[in-house]
Amino acid sequence: MLTYIHIRDFAIITDLALELQAGMTALTGETGAGKSILLDAIGLVLGDKTDASSVRHGAEKAEVTLSVEISHTPQAQQWLAEQDLLTEDDTCILRRVVTHTGKSRAWINGSPTTLTALRELGEQLVDIHGQHEHQSLMKREMQRNLVDAYAGHEALLKQTQEAYKQWKTLHERYHALSSQSSHFQERLDLLNFQIQELSDLALATDEITQLDEELNRLGHAEQLQATATQGYLQLYETEGAVYSALSQLSQELTRQVRVDEALVAPLELISSAQIQVQEAAWLLRDYAQAVDLDPARLSTVEARIAEIRNMARKYRLEAECLPEHLTRLQAELSSLASDDYDLDTLKSKLDAAQQTYQAAAQTLTKSRMQAADQLSSGVSAAMQGLGMQGGQFHIQLNCLEDKHPQPQGMDQLEFLVSANPGQPLKALTKVASGGELSRISLAIQMMAAQKMILPALIFDEVDTGIGGSIAEVVGTQLRSLGTNRQVLCVTHLPQVASQAHHHYKVTKLKTSDSTQTGIIHLDHRARVEELARMIGGTEITLATRALATEMLERTE
């Protein structure tokens, strides 16, 4: 439940801190005192849209902090845990700041958050019923949402939505593929041809580089052989060859080393050079013998390079990129050949998805029908207590004319009402009397609230347009709701306010240059005075005080 709220520089509130209790709490005050400002502040910290106009005139920013006790709210605890925002104690602290420029920031348990997250959490904590609720009840979507909330079948609704998403994906894919079937086949034929062509080419990785190198060697084979042979002869075979000269010099130095050991170092270097010259000569000899002077091989290599180059020009690619291109084409063909591109297989999947959806939607329909019957009976009974004896309320479920699956199921809901005995049921939108519509809306809200599992319910002047004994019935119903959850009610009716477990009076404090809103917790004596004011207006008499005292005594 809501335990504490602190409001600073919001609307005409300068600074207000308020402890909130369990049970039913009434908020009363003169017209225009700002009774709904407190609820607006709660709405703000729960993620309602706002702008700079919510900031008190002359202030830099408006700030609202709300503490909520969540020990008995497992769905809120689960949400906080999923967002990694759950703390060790049972209190959740929400904070919202709006600057004079209209910018907004929000926090949950001290961590910055988005308004979307704030609204998601708020939906787990508080349900707000406004005085203009009957306007939204005119909308078919709102009627369906109310029945779904009353039924409490969130899992069924989610299952239907997931089945719809699966069906929609397959449906769009099937029709897209059907409309492109000719182009699809053309693409398959082209891919098969290109893959076969490139596979026949069988170009290996780095093959073109190796062929270019081989072509270069074959084209210069005679020159390479002659150079290698000449080098071998100069180094080793001919008269005056380098190897022979080094050999003679090595022998001479060997003899002279005995005379001067300083010649050891150059002798070692010459000996090493002699060995290297010999090895180089033998390598040149072997190379010259191995040089391929095969004209046929040269012709083959030239033909292979020409084939590869022609294929590369055809595909407008570098020759080195052809193997990678073949891999991409094979991957595309494999994808197009999968079940996702097979019309027969895709049609089977689509039919199966539609059957899955229909099964989920039918189960959802049954749950809605059961909830609709219960809600219809409950609202009809509530209407009798609200001065509409003989009135009836009925929720009609029809199958949508469009047979295609819809995310919210295949049901079309409509609220039907008969305000007086003998009158036929008519759509809620055709109820002429504003007073009747207000009372019907109140009956619906009160019955729906009984099924709500949220810890806090807020009613903002939902009793507008009623009075007398009917108002007392409304007060009794709200007090009953407050026995197992928190109820905050802004009211102008003493019959409702007298039923509250706690009573706050909202006051407007005016000075020559400012207007502020304050709130006072009323004790028994103060409650008598406030109820007397609500009964009798500006002039409070002994009779109004006596009546106010009697009202309180009946509830205590």
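Asp460 stands opposite Val490 in strand β13, in a predicted model. Strand β12 (residues 456–460) and β13 pair in the parallel sense over five bridges, where two strands pair if DSSP finds at least two bridges between them. The chain crosses from β12 through helix α16 to β13, and this β-α-β crossover is right-handed; that is, with the strands pointing away from the viewer, the path from the first strand over the helix to the second runs clockwise. Helices (H or I, at least four residues) and strands (E, at least two) are DSSP runs, numbered from the N terminus.

Residues are numbered from 1 along each chain as its sequence is written, and side-chain values use heavy atoms, with hydrogens and water left out. In this predicted model local features need pLDDT of at least 70 and side-chain atom pairs count only at pLDDT 80 or more, while totals for chains, interfaces and linings use all residues.

- Five of the five residues of β13 (residues 486–490) are buried, so the strand is largely enclosed by the rest of the structure; buried means under 20% relative accessible area, exposed over 50%, and partly exposed in between (1.4 Å probe, protein chains only).
- In a regular strand the side chains alternate between the two faces of the sheet.
- Gln486, Leu488 and Val490 are buried on one side of β13, and Val487 and Cys489 are buried on the other, so both faces are covered.
- β13 also runs parallel to β3, to which four bridges join it.
- Leu27 has Val490 in β13 as its bridge partner.
- Thr28 belongs to strand β3 (residues 24–29) and counts as buried at 0% relative accessibility.
- Leaving aside residues up to four places away in sequence, Thr28 touches Lys35, Thr491, Ala497, His503, Tyr504, Lys505, Val506, Glu530 and Met534, where contact means heavy atoms within 4.5 Å.

**Helix α16**

- Helix α16 (residues 468–481) has 14 residues and reaches 20 Å from its first C-alpha to its last, close to the 20 Å expected at 1.5 Å a residue; the expected span is 1.5 Å times one less than the number of residues.
- Its buried residues are Ile470, Ala471, Val474, Gly475, Leu478 and Leu481.
- Seen down the axis of α16, these buried residues fall within an arc of 145 degrees, so they line one face of the helix; the arc is that of the directions from the helix axis to the C-beta atoms.

**Salt bridges**

- Side chains of opposite charge can pair when their charged atoms come close.
- The count comes to 22 salt bridges, each defined as a side-chain nitrogen of Lys or Arg within 4 Å of a carboxyl oxygen of Asp or Glu.
- Arg8 and Asp15 form one of them, with their closest N and O atoms 3.3 Å apart; Arg8 is partly exposed at 35% relative accessibility, and Asp15 is partly exposed at 45%.
- Glu414 and Arg140 meet in a salt bridge at 3.4 Å, N to O.
- Glu414 lies in strand β10 (residues 411–418) and Arg140 in helix α5 (residues 140–151), so this pair ties together parts that are 274 residues apart in sequence.
- Asp351 and Lys347 form a salt bridge at 2.9 Å, N to O, and, being four residues apart in helix α14 (residues 343–385), are separated by about one helical turn.
- Asp351 is partly exposed, with a relative accessible area of 32%, and Lys347 is partly exposed with 32%.
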